[in-house]
Amino acid sequence: MPDIRTLSAEEARAAIPALSEVLADCVAGGASVGFMQPYGPEDAASYWCDVADAVAASGSLLLVAELEGRIVGTVQVGAAQMPNQPHRGDLKKLLVHRSARGRGLARLLMEAAEHEAAKRGKTLLVLDTATGSDAEAIYPRLGWQRVGVIPDYALWPQGGFCDTTLFFKRLA
């Protein structure tokens, strides 16, 4: 049974090697999550240091999925918004290691992220994801509403433009 939990800043810093493995695996698998190939765990460490700093400053929530004590998935909620958007959060970097896919971890991470965001007063979450990716298919099944597509929004990690699809979800 997977364990889904929210990390403190200290826990996030301690988890940087494991989080770096997950991120590097996803980029190697073609996930358009902001990084270009080649991209290894050593490349990811500085990104996760920044995330840990954001957690320490209460600007982000960082959740992980663990199987048998090993981090195999993660998601973030950007919680710090402009003064006119205290109710909104940005869902970021839903990542599941390829070796752990097909076990419902993305759904469990999303449900936990939504719950944690709601506990902190967020009533609206937004996200973007690469159009046509496997990830795009997940969100409608979890109650997210598709808004539209922005063409040529980013690059695939191996190169070439990819569109992005925007989604939102109101939290109860």
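Arginine 107 is partly exposed in this predicted model, with a relative accessible area of 39%. Its side chain meets that of glutamate 111 in a salt bridge, with an N to O distance of 3.4 Å.

- Arginine 107 and glutamate 111 both belong to helix 4, where 4 residues, or about one turn of the helix, separate them.
- Glutamate 111 has a relative accessibility of 40% and therefore counts as partly exposed, as does arginine 107 at 39%.
- Helix 4 spans residues 105-119, and this helix also supplies at least two residues of the lining of the largest pocket.

**Salt bridge between arginine 98 and aspartate 25**

- The closest N and O atoms of arginine 98 and aspartate 25 are 2.9 Å apart, and the two residues form a salt bridge.
- Because arginine 98 lies in the loop between strand 4 and helix 4, while aspartate 25 lies in helix 2 (residues 16-28), the pair ties together parts that are 73 residues apart in sequence.
- Arginine 98 has a relative accessible area of 40% and is partly exposed, whereas aspartate 25 is buried at 12%.
- The value for aspartate 25 is 12%, and buried means under 20% relative accessible area, so this residue falls in the buried class.

**Network around arginine 5**

- Arginine 5 and glutamate 11 meet through their side chains in a salt bridge of 3.4 Å, N to O.
- A network of salt bridges links Arg5, Glu11 and Glu66.
- Arginine 5 is partly exposed, with 29% relative accessibility, and glutamate 11 is likewise partly exposed, with a relative accessible area of 35%.

**Largest pocket**

- The lining of the largest pocket comprises 45 residues, and Val33, Leu94, Thr129, Ala135 and Tyr139 lie nearest the centre of the pocket.
- By class, the lining residues divide into 27 nonpolar, 9 polar and 9 charged.
- Strand 4 (88-96) contributes the most to the lining, with 7 residues.
- At least two lining residues each come from strand 4, helix 4, strand 5 (124-130), helix 5 (134-141), strand 6 and strand 7 (161-170).

**Nonpolar surface patch**

- Met36, Leu155 and Phe161 make a nonpolar surface patch of about 300 Å².
- Leucine 155 is located in strand 6, which covers residues 145-155.
- With a relative accessible area of 38%, leucine 155 is partly exposed.

**Leucine 127 in strand 5**

- Leucine 127 lies in strand 5 and is buried, with a relative accessible area of 6%.
- Between leucine 127 and glutamine 76 there are 51 residues of separation in sequence, and the C-alpha to C-alpha distance is 11 Å.

Definitions and conventions:
Residues numbered from 1 in each chain as written. Predicted model: local features only at pLDDT ≥ 70, side-chain atom pairs only at ≥ 80, totals over all residues. Heavy atoms only, no water. Patch = residues over 30% accessible without salt bridge, like charges linked within 9 Å, V, L, I, M, F, W, Y side chains within 5 Å. Areas by Shrake-Rupley, 256 points an atom, 1.4 Å probe, with all protein chains shown as cover. Salt bridge = Lys/Arg side-chain N within 4 Å of Asp/Glu carboxyl O. Buried < 20%, exposed > 50% of the residue type's maximum accessible area, 1.4 Å probe, protein only. 1 Å grid on protein atoms, 1.4 Å probe; cavity = no way out; pocket = protein on both sides within 12 Å on 5 of 7 lines; lining within 4 Å. Nonpolar A, V, L, I, M, F, W, Y, C, P; charged D, E, K, R; others polar.
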